[in-house]
Amino acid sequence: MIHACANKWGKLPSEVYSMLSKTDCINGFLVKHYDVLHTQSTEYVVNDISEYLRVRGVKV
């Protein structure tokens with residue numbers, strides 16, 4: 001998902017990883033909801049991550 005987000009947002013994967021780590025998106029959202037998220041398309045999950053970050057005040 002990090003590479004998918006990086007491609008969509010025009011950022012380096014390291015920048016995306018940093019944003020996701022700082023907002024607890026990886027453990028608090030992706031890992032926590034893995035069972036549901038892995039059944040969704042990449043585009044859907046990238047949009048969910050975008051919304052997660054937006055709610056936390058991070059602009060992508």
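**Entry 1: α1 against α5**

I began with helix α1 (residues 2–9) and helix α5 (residues 42–55) in this predicted model. Their axes come within 10 Å and cross at roughly 75°. I count angles of 65 to 115 degrees as roughly perpendicular, so α1 is roughly perpendicular to α5. I noted both numbers because two packed helices are described by the angle between their axes and the distance between the axes.

Next I looked up who meets whom. On the α1 side I found Ala 4, Cys 5, Lys 8 and Trp 9. On the α5 side they meet Thr 42, Val 46, Asn 47, Ile 49, Ser 50 and Leu 53. Sorted by class, this contact has six nonpolar residues, three polar ones and one charged one.

**Entry 2: the largest nonpolar core**

Which residues touch the most other members of the largest nonpolar core? I got Trp 9, Cys 25, Phe 29, Leu 30, Ile 49 and Leu 53, out of 15 residues in that core. The elements giving two or more residues to this core are α1, α2 (13–22), α3 (25–31) and α5. The largest share comes from α5, with five residues. For context, I jotted down that nonpolar side chains tend to be buried together in soluble globular proteins.

**Entry 3: Trp 9**

Trp 9 turned up in the α1–α5 contact and again in the core list, and I wanted its partners. I left aside its neighbours within four places in sequence. What remains in contact with Trp 9 is Val 16, Met 19, Val 46, Ile 49, Ser 50, Leu 53 and Val 60.

**Entry 4: Asp 24**

My last stop was the loop between α2 and α3, where Asp 24 sits. I flagged Asp 24 for its positive phi of about 60°, although it is not a glycine. Most residues other than glycine have a negative phi. Is Asp 24 buried, exposed or partly exposed? Its relative accessibility is 41%; with buried meaning under 20% and exposed over 50%, Asp 24 counts as partly exposed.

Methods:
Residues are numbered from 1 along each chain as its sequence is written. This is a predicted model: local features need pLDDT of at least 70, side-chain atom pairs count only at pLDDT 80 or more; totals for chains, interfaces and linings use all residues. Side-chain values use heavy atoms; hydrogens and water are left out. Axes are lines fitted to C-alpha atoms, for helices over the stretch in contact, and angles run from 0 to 180 degrees between N-to-C directions. Helices (H or I, at least four residues) and strands (E, at least two) are DSSP runs, numbered from the N terminus. Angles under 35 degrees count as roughly parallel, over 145 as roughly antiparallel, 65 to 115 as roughly perpendicular and the rest as oblique. Contact means heavy atoms within 4.5 Å. Ala, Val, Leu, Ile, Met, Phe, Trp, Tyr, Cys and Pro count as nonpolar, Asp, Glu, Lys and Arg as charged, and the others, Gly among them, as polar. A nonpolar core is a set of buried Ala, Val, Leu, Ile, Met, Phe, Trp, Tyr and Cys residues joined through side-chain atoms within 4.5 Å. Buried means under 20% relative accessible area, exposed over 50%, partly exposed in between (1.4 Å probe, protein chains only).
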